[in-house]
Amino acid sequence: MKKKDYKTPYGSVTVTRNIYKSRKTGVLYLPIDDKSGVIQNTTPRLAKSVTSKYVKMAGGDVVDDFKDNHALNLTLSYVQNITYIVGRMGEKKEDEIVYSLPKLGGEVATVSIGVDGTCSYVGN
């Protein structure tokens with residue numbers, strides 16, 4: 001049994017966890033970390049909240065928001081690290097998704113490619 005602090009949207013919680021070690025490989029297995037979706041020491045709900053705020057606001061604003069509205073003292077590096085890890089998890093899932101193309105009613109006669117003002121070169 002080993003204690004670990006987890007960050008939640010409601011503050012830190014200390015949990016006593018079971019740890020199992022393989023005799024063959026020496027690899028540690030922690031059922032609570034494996035089954036709960038914990039990211040480092042962060043619950044999935046807090047990770048979702050941090051990442052969704054970070055996409056919409058600057059990092060310093062996210063830190064201030066959590067301090068003012070949730071009474072949580074997070075650091076900018078913590079916000080960046082959790083967001084990075086969640087992003088990497090999304091990239092791994094994207095590789096597993098199989099997209100199916102829609103069935104067309106007939107043969108495509110014309111393809112049009114346009115350039116709008118955001119993609120136009122403006123310079124000398």
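This is a predicted model: local features need pLDDT of at least 70, side-chain atom pairs count only at pLDDT 80 or more; totals for chains, interfaces and linings use all residues.
1. Asn73 counts as exposed, at 61% relative accessibility. Its place is the loop between H3 and H4.

2. Ala71 belongs to the loop between H3 and H4. Ala71 is exposed as well, because its relative accessible area of 65% lies over the 50% cut-off. Its backbone deserves a look: phi of Ala71 is near 60°, a positive value in a residue other than glycine. Most residues other than glycine have a negative phi.

3. A positive phi is also found at Gln40, where the value is about 55° although Gln40 is not a glycine. Gln40 sits in the loop between helix H1 (31-36) and H2. Gln40 is in contact with Ile82, leaving aside neighbours within four places in sequence.

4. What makes up the largest nonpolar core? It has 12 residues in all: Ile39, Leu46, Ala47, Val50, Val62, Val63, Phe66, Leu72, Leu74, Tyr78, Val79 and Ile82. Two or more residues each come from helix H2 (44-56), helix H3 (59-70) and helix H4 (76-96). In soluble globular proteins, nonpolar side chains tend to be buried together.

5. Ile82 is a core member whose contacts can be listed. Apart from neighbours within four places in sequence, Ile82 touches Ile39, Gln40, Thr42, Ala47, Val50 and Thr51. Among these, Ile39, Ala47 and Val50 belong to the largest nonpolar core along with Ile82.

6. How do H2 and H4 pack? Their axes are 9 Å apart and the angle is about 100°. That angle falls within 65 to 115 degrees, so H2 and H4 are roughly perpendicular to each other. From H2, the contact is made by Leu46, Ala47, Val50, Thr51 and Tyr54. H4 contributes Tyr78, Val79, Gln80, Ile82, Thr83 and Val86. By class, the contact of H2 with H4 has eight nonpolar residues, three polar ones and no charged ones.

7. Asp64 is found in helix H3. Is Asp64 buried, partly exposed or exposed? Asp64 is partly exposed, because its relative accessible area is 41%, between the 20% and 50% cut-offs. Asp64 and Leu76 are 12 residues apart along the chain, and their C-alpha atoms are separated by 9.7 Å.

8. The model also has paired strands. Strand S1 (residues 2-8) pairs with strand S2 (residues 11-17) in the antiparallel sense, over seven bridges. A hairpin through two residues joins S1 to S2. Within the pair, Lys3 stands opposite Thr16 in S2.

9. Glu107 lies in the segment after H4. Glu107 is exposed, because its relative accessible area of 80% is over the 50% cut-off. The C-alpha atoms of Glu107 and Ala58 are separated by 47 Å, the two residues being 49 apart along the chain.

Notes. Residues are numbered from 1 along each chain as its sequence is written. Side-chain values use heavy atoms; hydrogens and water are left out. A nonpolar core is a set of buried Ala, Val, Leu, Ile, Met, Phe, Trp, Tyr and Cys residues joined through side-chain atoms within 4.5 Å. Buried means under 20% relative accessible area, exposed over 50%, partly exposed in between (1.4 Å probe, protein chains only). Helices (H or I, at least four residues) and strands (E, at least two) are DSSP runs, numbered from the N terminus. Contact means heavy atoms within 4.5 Å. Two strands pair if DSSP finds at least two bridges between them. Axes are lines fitted to C-alpha atoms, for helices over the stretch in contact, and angles run from 0 to 180 degrees between N-to-C directions. Angles under 35 degrees count as roughly parallel, over 145 as roughly antiparallel, 65 to 115 as roughly perpendicular and the rest as oblique. Ala, Val, Leu, Ile, Met, Phe, Trp, Tyr, Cys and Pro count as nonpolar, Asp, Glu, Lys and Arg as charged, and the others, Gly among them, as polar.
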